[in-house]
Amino acid sequence: MSIIYGVFSASNLISPSVVALVGPQLSMFISGIFYSLYIAVFIQPSTWTFYTASVFIGIAAAVLWTAQGNCLTINSDENTIGRNSGVFWALLQSSLFFGNLYIYFAWQGKTYISESDRRTVFIALTVISLVGTVLFFLIRKQEDTKAPGEEDSTNEIPGDSSSARYKLMRAVDAFKRSIKLSFTKEILLLSVTTAYTGLELTFFSGVYGTCIGAVNRFGTEEKSLIGLSGIFIGVGEILGGGIFGLLSKKSRFGRNPIVMLGIIVHFIAFYLIFVNMPSNAPVAPMEGTDDSAYMIPSKEVAMFCSFLLGLGDSCFNTQLLSILGFLYSEDSAPAFAIFKFVQSICAAVAYFYSNYFLLQWQLLIMVIVGFFGTITFFAVEWKAAALLARGSDYSSI
């Protein structure tokens, strides 16, 4: 995970140039191939292939996320970006539900995962990944739905637009725009919110499952509860993405209420985790821990917290995708690259300190960053709404 997120962070510096060079559709297809190869490594894993594939998927992830953000933006307008972001997020997170549901029932009661069990899962996942990758070609191309302002620049010199020199100039220009954009006031403010999503991503995807599996007081179900926790996280993500996507056009108050709901839901989850989980759960040995917190560890509370973590995460990510696509409709690739750059760096940092910090300190870090991240998001949304009310061009921000 450290290799993946480290390479992911660095690769976001060049991903806008790659998307500008080959286009979002081909970028997603090539990245999808590398994702499929990474999954295929687990069919017959070896150390060198595992770590090599981790490097390649780190690069592919940066290109894929930048390309999908660009694709989402050019196929949306100011009225549909919120809906499309919510639907995209719900579809993306459905894997948490279906994947963990299969694991929970197929591996229930097993203390040893056989080679046959492993191969069955990863062969199926590889095939599904390849099918999904091929389906990228069914998405509308950029020239079918151009972003505002692109019509003139792309049609100036038809003969030169396909030349290697022109493509190289576009790639260099995309890199320069990324650097310039990263120092704007709005991006810097949104970076605090993005940093929080990176920290809580690591927590719910890696740390919290480890905590559940380490609590011996959960009995023989402790390992299967990890899969069940993933299901509840998925339910929260899908529910949040679906509801906020469908209600986005009917919201009169913008994105701030949804982000406010997200931070309140997360703060409730953090408090319940604090009183339910032993403080040494993240750093417990393989044998687990027999300690308890301020109450006897409850499986029901643990699963409820999983749902809240997923719901809160969907609040933040759907609104970040929406506001980036709305603010930077003409610079969507660099904007989404910066978003994933900051998020992946913070996720990598969180993975590092999660091996050393007790649970309460990890929760405290997220509370502090989440509080300030919510305030900075509010500031950007208020300024955007004010400019929109005055009839100013949103892309001028």
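Q: What does the side chain of S11 have close to the backbone oxygen of V7?
A: This is a predicted model, and in it a polar atom of the S11 side chain lies 2.8 Å from the backbone oxygen of V7.

Q: Which helix is S11 in?
A: S11 is found in helix α1, which covers residues 2–11.

Q: And is S11 buried or exposed?
A: S11 is buried, because its relative accessible area is 8%, and buried here means under 20%.

Q: What does S11 touch, leaving out residues up to four places away in sequence?
A: With those residues left out, S11 touches G58, I59 and A62.

Q: Changing topic, how many aromatic pairs are there?
A: The count comes to 18 aromatic pairs. One of them joins Y38 and F42, with 5.4 Å from centre to centre and 80 degrees between the planes, which makes the pair edge-to-face.

Q: Which cluster do Y38 and F42 belong to?
A: Ring pairs link Y38 and F42 with F50, Y51 and F122 into a cluster.

Q: What about F97 and F98?
A: F97 and F98 also form an edge-to-face aromatic pair, with centres 5.1 Å apart and 80 degrees between the planes. F97 counts as partly exposed at 23% relative accessibility, while F98, at 54%, counts as exposed.

Q: What sits over the ring of W65?
A: The charged end of K340 sits over the W65 ring, 3.7 Å from the ring centre.

Q: How far does helix α13 reach?
A: Helix α13 runs over residues 332–353 and has 22 residues, and from its first C-alpha to its last it reaches 32 Å, close to the 32 Å expected at 1.5 Å a residue. Of those 22 residues, 18 are buried, so α13 is largely enclosed by the rest of the structure.

Q: Where is confidence lowest, and where is it highest?
A: The lowest confidence is in helix α7, residues 150–154, at a mean pLDDT of 41, and the highest is in helix α11, residues 256–276, at 93. Over residues 144–160 the pLDDT is below 50, and this stretch has 14 contacts in the model beyond near neighbours in sequence. Where pLDDT is low, the predicted coordinates should not be read in detail.

Q: And what is the average for the protein chain?
A: The protein chain averages a pLDDT of 82, and 86% of the residues score at least 70.

Terms used
Residues numbered from 1 in each chain as written. Heavy atoms only, no water. pLDDT = per-residue confidence, 0-100. Helix = DSSP H or I, 4+ residues; strand = E, 2+ residues; numbered from the N terminus. Contact = heavy atoms within 4.5 Å. Expected span 1.5 Å × (residues − 1). Buried < 20%, exposed > 50% of the residue type's maximum accessible area, 1.4 Å probe, protein only. Phe/Tyr/Trp six-rings, centres within 6.5 Å; stacked < 30°, edge-to-face > 60°. Lys NZ or Arg CZ within 6 Å of the ring centre and 35° of its normal. Polar contact = N/O pair within 3.5 Å; in protein donor to acceptor, adjacent residues only side chain to side chain.
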